[in-house]
Amino acid sequence: GTLQEEVGRGEEALAAVQAEVQALAHKLGATEDVLQAERHLSSSAREEAAGEQKRAEVLEDCVRDLEEKLVQQEEQVAALRALLSAAEEHLTTLQFDHSAL
């Protein structure tokens with residue numbers, strides 16, 4: 001695959017990860033809404049405390065997922081940057097060779 005194809009694939013992968021992160025953020029918002037509604041319905045303090053604990057667990061899971069996605073995204077960005085700097089070096093070399101002729 002050419003360098004351009006590699007960069008294209010990297011960008012597609014990055015876009016996919018960003019879409020996943022966005023989907024997780026939406027899921028997080030929906031979870032918050034549901035849990036808030038449940039909390040209003042809970043009649044006893046114990047039920048409310050249990051709901052709070054469940055909410056905290058769900059939020060922790062979502063945050064952990066988001067952090068993992070973010071790490072993956074940062075790794076992909078770093079790989080893309082390396083790819084781009086290699087491409088720039090290659091172009092500079094080509095320009096230098098051309099000017100030497």
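1. The radius of gyration is taken over C-alpha atoms, and the globule rule is 2.2 Å times the number of residues to the power 0.38. A compact globule of 101 residues would come out near 13 Å, but this chain has 23 Å. Its C-alpha trace spans about 85 × 20 × 15 Å along the principal axes.

2. A word on the source. This is a predicted model, in which local features need pLDDT of at least 70 and side-chain atom pairs count only at pLDDT 80 or more, while totals for chains, interfaces and linings use all residues. Residues are numbered from 1 along each chain as its sequence is written, and side-chain values use heavy atoms, with hydrogens and water left out.

3. The chain has 2 helices and 0 strands. Both kinds of element are DSSP runs (helices H or I, at least four residues; strands E, at least two), numbered from the N terminus.

4. Helix α1 covers residues 3-41. It has 39 residues and reaches 57 Å from its first C-alpha to its last, close to the 57 Å expected at 1.5 Å a residue. That expected span is 1.5 Å times one less than the number of residues.

5. Which residues of α1 are buried? They are Val7, Gly10, Leu14, Val17, Leu24, Leu28, Thr31 and Leu35. Buried means under 20% relative accessible area, exposed over 50%, and partly exposed in between (1.4 Å probe, protein chains only). An α-helix has 3.6 residues a turn, so residues three or four places apart point the same way. Of the 101 residues of the chain, 15% count as buried.

6. Helix α2 spans residues 45-100 and holds Lys69. Is Lys69 buried or exposed? Lys69 is buried, because its relative accessible area is 18%. Not counting residues up to four places away in sequence, Lys69 touches Val17, Glu20, Val21 and Leu24. Contact here means heavy atoms within 4.5 Å.

7. Leu66 is also found in helix α2. Leu66 counts as partly exposed because its relative accessible area is 22%. With residues up to four places away in sequence left out, Leu66 touches Val21, Leu24, Ala25 and Leu28. Leu66 and Glu20 are 46 residues apart in sequence, yet 9.0 Å apart in space, C-alpha to C-alpha.

8. Now the contacts of the chain as a whole. Among those between residues at least 6 apart in sequence, 81% join residues at least 24 apart.

9. Last, charge. The chain has 9 positive and 22 negative charges, and their mean positions are 9 Å apart. Lys and Arg count as positive, Asp and Glu as negative; His and the chain ends are not counted. Each charge is placed at NZ of Lys, CZ of Arg, CG of Asp or CD of Glu.
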